Amino acid sequence: MPLYILVPMILVGLPLVIVLVYWTTRDRKSEPLYAETAKERFLRDFPNFRIKEVMISDHGNSALVFSGQGGETGLVYEIGKNHLTRLLDEHTIIKVEETKAGIDLYVNDFTLKKISLPFSDVETRRRALNQLLLG
Amino acid sequence: MDLVIPNFPAVTQLAIPAFVGLILLELFYLRKLRNVEGFETRDTATSLLMGVGNVVSGLIFGFVAYGVLTWAYDFRLFTIGFEWYWVLICFIIDDLRYYIYHRIAHRCRWVWAEHVIHHSSQHYNLSTALRQSWTGVFTGMFVLRIPLVLIGFHPALIVFVGGINLLYQFWIHTETIGKMPRWFEYIMNTPSHHRVHHATNPRYIDANYAGTLIIWDRMFGTFVEELEEDMPKYGLVKNIGTFNPLRVAFHEWVDMFRDAAKPGLTLGQRTRYLFSPPGWRHDQEVSGSEAIKADFVRRNPQEAGKPGLPGI
């Protein structure tokens with residue numbers, strides 16, 4: 001097919017689809033996480049993980065799951081309308097930073113280098129931070 | 001007598017208006033008639049951009065593959081024409097070639113590194129069909145077409161039937177169609193069969209590699225039926241955390257070479273990180289999809305030995 005037909009077809013057709021998808025879905029966010037939904041989502045990918053504690057971040061867009069004192073840590077994280085999960089261990093985490101809004105995790109992951117977990121409550125944030133550093 | 005080569009149309013390019021129209025139809029159907037949101041703007045945009053990149057990459061690098069096929073054509077055993085029955089036979093053989101390619105793509109990380117892109121959306125709709133790799137030529141899998149050329153099929157015919165095969169696969173990327181009539185489900189690849197292929201449920205991993213004809217999976221033991229009690233969950237075992245097309249396109253290549261370059265590995269282990277099945281690890285006896293399936297069976301022993309799952 002000649003480029004003078006192919007290129008305009010792509011330039012018109014694709015933005016049309018994207019605009020209509022946006023218009024019809026309004027890009028609603030994912031359902032906020034609660035302890036049970038976070039557990040369920042994490043266990044789907046890591047069924048052998050024994051969850052002792054779940055910490056939901058502000059707005060429920062992400063959650064940390066812990067298997068207990070000094071144990072393993074997992075993450076449930078919003079990506080668009082869905083969630084993804086990660087096991088956070090010493091090979092994955094590069095750096096953990098406390099910020100005014102919460103915790104920033106820098107991870108060894110080409111598709112998700114920085115994870116911001118909003119924890120506005122200082123006490124909750126410190127507890128999550130301790131768990132992360134101990135775990 | 002010289003072979004007159006017909007002017008085959010570029011079917012996938014000609015189909016672009018139909019792709020757009022059908023995506024919009026599915027969007028409208030899901031939103032207005034079923035009141036569900038099967039689409040997400042950023043996900044759809046990424047899929048479409050991956051599709052455009054695939055076309056561009058094909059225009060830029062496709063000549064390499066075509067050049068190799070044209071060169072190999074000089075060594076053909078027979079000279080096969082373009083009569084309709086030869087087109088049909090070529091299509092069927094090429095569909096088997098697609099099955100082999102697709103099975104390799106899921107069982108060899110070198111090829112998975114490009115094919116993973118097609119599986120990287122957590123949605124399953126018609127736009128997912130267009131989420132295609134930019135690096136297909138680099139895996140060298142076009143060599144699987146050489147046997148067809150050596151038999152005597154012209155490279156132009158092989159490219160044409162390959163295009164028809166991809167065109168067929170567009171409509172099966174949808175949740176709007178349940179199951180087709182039983183006879184059709186038995187012979188042809190369908191939305192139901194392909195949903196299984198895109199699912200990460202343990203029983204569905206590494207199943208239903210077919211392009212157009214599902215008979216190959218039935219023949220070679222990789223067929224798994226979609227079950228109502230185990231609805232497909234789409235995406236990857238380890239889902240990606242980005243909609244950035246560049247990161248989507250290259251993430252597995254980066255991970256693969258990082259794994260192979262880890263310090264302290266033997267040459268054999270480095271090689272296995274490149275060519276073993278995805279998920280292979282040097283420090284685990286059983287890894288990848290085998291480990292996921294075995295673990296599922298350990299927790300659900302009543303499922304052992306069912307299609308897609310190992311025995312105890």
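What covers the buried residues of α12(B)? I looked this up and found that the cover includes α3 (41-73) and α5 (109-115) of chain B.

I first note that this is a predicted model, in which local features need pLDDT of at least 70, side-chain atom pairs count only at pLDDT 80 or more, and totals for chains, interfaces and linings use all residues. Residues are numbered from 1 along each chain as its sequence is written, while chains are lettered from A and ligands numbered from 1 in the order in which they are written.

Entry on helix α12. I took helices as DSSP runs (H or I, at least four residues), numbered from the N terminus. The buried residues of α12(B) are B:Val248, B:Ala249, B:His251, B:Glu252 and B:Asp255, where buried means that 20 or more other C-beta atoms, placed from the backbone, lie within 10 Å of the residue's own. I also read that α12(B) bends by about 45 degrees at B:His251, the bend being the angle between axes fitted to the seven residues ending there and the seven starting there.

Entry on the two chains. I counted residues as in contact if their C-beta atoms, placed from the backbone, lie within 7 Å. The contact takes 32 residues from chain B and 27 residues from chain A. Among the elements that give two or more residues to chain B's side are α3, α12 and α14 (288-299).

Entry on B:Val87. I found B:Val87 in helix α4 (residues 84-107) of chain B. Not counting residues up to four places away in sequence, B:Val87 touches B:Phe82, B:Leu157 and B:Val161.

Key
A residue is buried if 20 or more other C-beta atoms lie within 10 Å of its own, exposed if 12 or fewer, and partly exposed in between; C-beta atoms are placed from the backbone. Two residues are in contact if their C-beta atoms, placed from the backbone, lie within 7 Å.
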